[in-house]
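Subject: Structure handover

Hello,

Here is the structure for you to look through. Please open it first, then read my notes below.

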Amino acid sequence: MALDRDTAEQVAHLARLRLEPGQAADVAEDLSRVLDLIDQIEQVDTAEVAPLAHPLDLSQPLRADAVTSEWSREELQKSAPDVVEGYYRVPRSVE
């Protein structure tokens, strides 16, 4: 599919792209090549191809959901800047 210079300028305008004065012809040629590739891809018969979630057959190795270390509240709150009666104090954010 061959695009002319005017169509390339219109597509650039719709895409909010600024083209330099001599750039429209190159953009038209590039867009024409992209559309030709899309036409080639559409001609491939995919009726017998099952849809894929991912092109590679990969599995995600997961670790066991087990407690590896136990922390106490007191231990964790040692590094907090302001703790009162077991609660974290933070600056007021809503007036």
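Which helix holds Arg 33? Arg 33 belongs to helix α2, residues 24-42. Keep that residue in mind, as we return to it below.

A word on the source. This is a predicted model, in which local features need pLDDT of at least 70 and side-chain atom pairs count only at pLDDT 80 or more, while totals for chains, interfaces and linings use all residues. Residues are numbered from 1 along each chain as its sequence is written, and side-chain values use heavy atoms, with hydrogens and water left out.

**Overall layout**

The protein chain has 3 helices and 2 strands. Both kinds of element are DSSP runs numbered from the N terminus: helices are H or I with at least four residues, strands are E with at least two. Read from the N terminus, the order is α-α-α-β-β. The radius of gyration is 30 Å, well over the 12 Å that the globule rule gives for 95 residues, so the chain is more spread out than a compact globule. That radius is taken over C-alpha atoms, and the globule rule is 2.2 Å times the number of residues to the power 0.38. Along the principal axes, the C-alpha atoms fill a box of roughly 75 × 45 × 20 Å.

How much of the chain is buried? Buried residues make up 8% of the 95 residues. Buried means under 20% relative accessible area, exposed means over 50%, and partly exposed lies in between (1.4 Å probe, protein chains only). The accessible surface comes to about 9400 Å². Carbon and sulfur atoms hold 54% of that surface. These areas come from the Shrake-Rupley method with a 1.4 Å probe; for residues, only the protein chains shown count as cover.

Now contacts, meaning heavy atoms within 4.5 Å. Take the contacts between residues at least 6 apart in sequence: 31% of them join residues at least 24 apart.

**Salt bridges**

Side chains of opposite charge can pair when their charged atoms come close. A salt bridge here is a side-chain nitrogen of Lys or Arg within 4 Å of a carboxyl oxygen of Asp or Glu. How many are there in the whole structure? The search finds 4.

- Arg 5 pairs with Glu 9, with the closest N and O atoms 3.5 Å apart. The two are 4 residues apart in helix α1, so about one helical turn separates them. Arg 5 is partly exposed at 44%, and Glu 9 is partly exposed at 33%.
- Glu 29 meets Arg 33 at 3.4 Å, N to O. They too are 4 residues apart, in helix α2, about one helical turn. Glu 29 is partly exposed at 44%, and Arg 33 is partly exposed at 47%.
- Asp 82 meets Arg 89 at 3.5 Å, N to O. Asp 82 is partly exposed at 32%, whereas Arg 89 is exposed at 52%.

Shared partners also join Glu 29, Asp 30 and Arg 33 into one salt-bridge network.

Most residues other than glycine have a negative phi. Arg 16 is not a glycine, yet its phi is positive, about 60°. Arg 16 sits in the loop between α1 (5-14) and α2, and is exposed at 67%. Glu 85 also has a positive phi, near 50°. Glu 85 lies in the loop between β1 (83-84) and β2, and is exposed at 73%.

Is Gln 77 buried or exposed? Gln 77 is buried, at 11% relative accessible area. It is found in helix α3, residues 73-77. Leaving out residues up to four places away in sequence, Gln 77 touches Val 83, Gly 86, Tyr 87 and Tyr 88.

Together with Trp 71, Leu 76 and Val 90, Tyr 88 makes a nonpolar patch of about 490 Å². Patches are made of residues with over 30% relative accessible area and no salt bridge; like charges are joined within 9 Å, and nonpolar side chains (Val, Leu, Ile, Met, Phe, Trp, Tyr) within 5 Å. Val 90 is in the segment after β2 (87-88), and is exposed at 66%.

Best wishes
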